[in-house]
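I opened the notebook with the sequence and the coordinates side by side, and I set down below what I looked up, in the order in which I looked.

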Amino acid sequence: MFIDKATIEVRAGNGGNGMIAFHREKFISRGGPSGGNGGRGGSIIFRASKGINTLLNFRHSKCIIAKDGEKGMGKNQYGKSADDVYVDLPVGTVVTDANSGEFICDLSVPGKEFIVAKGGRGGRGNACFKSPVNRTPRIAENGMPGERRRLILELKLLADVGFVGFPSVGKSTLLSIISAAKPEIGDYDFTTIVPNLGVVRVNDGRSFVAADLPGLIEGAHLGKGLGLQFLRHIERCRVIVHIIDMSGIRDPYEDYKKINKELKAYGYGLSKRPIILVGSKMDEDGAYERLKEFHKRVRKPVIGISALTNENIDLLVYKIADLLDKTPAFSLYNEDNIEAGVKVYEAKEDNDGEFEIIRKNDHTFVIRGERIERTYHLINLSTDEGLLKLLNYMRKIGVDDRLRQMGAKDGDTVILCDFEFDYIA
């Protein structure tokens, strides 16, 4: 079964918590802090693989989860980092964020890897907080949570040339003649319901990959027929072969205008790519007269072919190969600032005071803000020192002053994530 689109969820592993411990050994008193750091959580990495050609595996596997890092231990022993999870995807898969629509990566090259969900770093143990001022720290950090994302996977086939046209114009027949592909062929519409790929070898040693795509109809870019479902597979094609039926069953010029309109409406610059016009079924009565009339109206070169007599088949193959030689690949996305596994951040002013306080009712206040919530999750509140560190941090960034300005009184409840405490002026 050919599946070319799937929605999945990925959950990277959480970092392990740091340890609060002190060195204890016979004849050694006051050994000092010895709590080790927690291990890193496992990341989820997508990898392009030539051995897979469909997203069928993700039809039922909707969630991919990496393991958490182990917590730190005494005697300065670090927790073990979790193994990364590698997920093999077909070459040509495009990954986007399901919530924001943000482009994440394009696995267009075999072996290309991209970290789609980064594992959380491990928390520091109390050995890291030892200083001349505090020689016995009773504080450690919790591990950072791993990233969680909902992703859309879209497979866009890697073909050099794509055959487009109305149903039953001879696309599958042409592919079967010039390659070893065996697409289903019939004298009824929509014989092809999935894209077919074939490797075409030219007599002079050159080769290219051709794609026979399901027939388009008017309104395909709006989802009619099978067009919208499979138009995505034309996006990577460097050359488009537009096949037009010359048997007299359809009006060649009207078909030509309608398909061009669909390509233009779909976008991705498809209408601006090199297009070879092909008139098929030239063995039918009156086909040459219709081809001549069509040529006059479009005022562009048209190659007439016949699958029955092999007329001009070699000419078409050489024409495609020559055009591919001088046509560069088209970039679907701007990846100038995106490399495998690397995200580029723009430098911006660091402001510890970026938070907001919402008054839930007369005596309840809720603190929100990415930076303060991140700091809260890092601090281990199981000890008095950890709690004191959090309260000192909030006082430093101005939470107390903001609460006072908002009219908070002694005994009012203040909420930060899942932590509640009483306000004392």
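Predicted model: local features only at pLDDT ≥ 70, side-chain atom pairs only at ≥ 80, totals over all residues.

I traced an open sheet of six strands, with mixed pairing, in the order β10-β11-β9-β12-β13-β14. The edges are taken by β10 (196-201) and β14 (302-304), and because each has a single partner strand, one side of each is left without a neighbour in the sheet. From one strand to the next I noted a twist that averages 25 degrees.

Which strands does α3 lie across? I found α3 across β9 (161-164), β12 (239-245) and β13 (275-280), with a direction at about 150 degrees to that of β12. For α4 (residues 287-298) I recorded β12, β13 and β14 as the strands it lies across, and an angle of about 170 degrees to β14.

I checked the length of α3 (residues 252-266): at 1.5 Å a residue its 15 residues should span 21 Å, and the end C-alpha atoms are 21 Å apart, which agrees. At the start of the helix, I saw that a side-chain oxygen of Asp251 comes to within 3.1 Å of the backbone nitrogen of Tyr253. I listed the buried residues of α3 as Pro252, Tyr253, Asp255, Tyr256, Ile259, Glu262, Leu263 and Tyr266. Beside that list I wrote a reminder that an α-helix has 3.6 residues a turn, so residues three or four places apart point the same way.

I read an angle of about 45 degrees between α3 and α4, which pack with their axes 9 Å apart. That angle makes α3 oblique to α4. In the contact I found Pro252, Tyr253 and Tyr256 of α3 meeting Phe294, Arg297 and Val298 of α4.

Is Gly101 buried or exposed? I placed Gly101 in the loop between β5 (93-97) and β6 (103-107), and its relative accessible area is 52%, which means that Gly101 is exposed, the cut-off being over 50%. I also noted that the C-alpha atoms of Gly101 and Ile152 are separated by 8.8 Å, although these residues are 51 residues apart along the chain.

Terms used: Residues numbered from 1 in each chain as written. Heavy atoms only, no water. Helix = DSSP H or I, 4+ residues; strand = E, 2+ residues; numbered from the N terminus. Expected span 1.5 Å × (residues − 1). Buried < 20%, exposed > 50% of the residue type's maximum accessible area, 1.4 Å probe, protein only. Polar contact = N/O pair within 3.5 Å; in protein donor to acceptor, adjacent residues only side chain to side chain. Pairing = 2+ DSSP bridges. Axes fitted to C-alpha atoms, helices over the stretch in contact; angles between N-to-C directions. Contact = heavy atoms within 4.5 Å. Parallel < 35°, antiparallel > 145°, perpendicular 65-115°, else oblique.
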